[in-house]
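Subject: Handing over the model

Hi there,

Here is the structure I promised to pass on to you. Have a look at it first, and then read on for what I found in it.

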There are 2 protein chains.
Amino acid sequence: MKEEAATRICSVANAIDILGDRWCFLILREAFFGVRRYDAFLGNLGIATNILSNRLKKLVENRILDRIKDPGDARRFIYRLTEKGLDIYPIVLSLMNWGDKWLADENGPPLVLHHNRCGHHLEPVMSCAHCGEKVDPKEVSYQEVYKEKVK
Amino acid sequence: MKEEAATRICSVANAIDILGDRWCFLILREAFFGVRRYDAFLGNLGIATNILSNRLKKLVENRILDRIKDPGDARRFIYRLTEKGLDIYPIVLSLMNWGDKWLADENGPPLVLHHNRCGHHLEPVMSCAHCGEKVDPKEVSYQEVYKEKVK
């Protein structure tokens, strides 16, 4: 590989290629709120049907959502987060947390999260799994394992 | 506001409107790696100059990057993360972590992060600032403070 054709590609780029879409994230947000049915996504998001169908299809193809028969109505389908989908939760939480802090207007954040486990308002914080401390970008270095060509 | 026109808008939507772009995230990733100069962004990302200029302008307008005179060369400018920009780190980390786990090929993750504070490989985990436990979506509920119209 010629050096000038190599760039630092990491999983951020790959993740954004799959998730970097306003509607995908809003569908996932709703899924984390417990929404499972097409009509509920449609009503909650004010999204056009063709866009909703397209994004649900993409999320199913990428194995982020499972499309399964509705246990309550065999003629219909529901969309359920897979394990891969459930793992997106930190991304949704960190987007929401940043938006709450930096983009909310004078009304404050439109949604407040509650951590049922400890009974307090949920303030998500990115920590190191080893030492438990909050991760500060100034305390992180990286090692390039390999380079990839730009796709 | 008529009920059918109201949807659950939260800060996720607002954050994605500003950040939901592959190139914005890749520029931010580079900034977190310490990149400050236009030519370095250009070389590391293999990005077209018009796209790079456009995204840098957008990030400066949104006060995520500061465009300041290069202390080493007054004819040039550097781009530096603001406090608002530094706060994006958990989003970048969670995207990278999810991509490493679910999208990496047989070579494994192309980049490995090191937590200099504790000396270990960095495995970022989203925790509750109050109790310190890892946040599980099944243990979180939400309260809708107010609804907004779809923009």
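What pattern does chain A follow when read along the sequence? The pattern is β-α-α-α-α-β-β-α-α-β-β-β-β-β, and the secondary structure of chain A comes to six helices and eight strands. Helices (H or I, at least four residues) and strands (E, at least two) are DSSP runs, numbered from the N terminus.

Some housekeeping before the details. This is a predicted model, in which local features need pLDDT of at least 70 and side-chain atom pairs count only at pLDDT 80 or more, while totals for chains, interfaces and linings use all residues. Residues are numbered from 1 along each chain as its sequence is written, and chains are lettered from A and ligands numbered from 1 in the order in which they are written.

**Chain A by itself**

The radius of gyration of chain A is 19 Å, whereas a compact globule of 151 residues would have one near 15 Å; this radius is taken over C-alpha atoms, and the globule rule is 2.2 Å times the number of residues to the power 0.38. The C-alpha trace of chain A spans about 55 × 45 × 30 Å along its principal axes.

Helix H1 (residues 11-19) of chain A is mostly covered, with seven of its nine residues buried. Among them are A:Val12, A:Ile16 and A:Leu19. The cover over the buried residues of H1(A) includes helix H2 (22-32) of chain A, along with H2 and H6 of chain B.

**How the chains meet**

Chain A and chain B each give 78 residues to the contact (two residues are in contact if their C-beta atoms, placed from the backbone, lie within 7 Å). On the side of chain B that touches chain A, H6(B) gives the most, with 13 residues. That side divides into 44 nonpolar, 19 polar and 15 charged residues; Ala, Val, Leu, Ile, Met, Phe, Trp, Tyr, Cys and Pro count as nonpolar, Asp, Glu, Lys and Arg as charged, and the others, Gly among them, as polar. Because 100% of the interface residues of chain B are also interface residues in chain A, the copies meet through the same surface.

**Strands across the interface**

Strand S4 (residues 111-115) of chain A pairs with S7(B) in the antiparallel sense over five bridges (two strands pair if DSSP finds at least two bridges between them). Here A:Val112 stands opposite B:Gln143. The open sheet has three strands in the order S5(A)-S4(A)-S7(B), with antiparallel pairing. Strand S5 (120-121) of chain A and S7 of chain B stand at the edges, each with a single partner strand, so one side of each has no neighbour in the sheet.

Strand S7 (residues 140-144) of chain A is joined to S4(B) by five bridges, and the two run antiparallel. There, A:Val140 stands opposite B:His115.

Happy browsing!

How values were computed
Buried ≥ 20, exposed ≤ 12 C-beta atoms within 10 Å, placed from the backbone.
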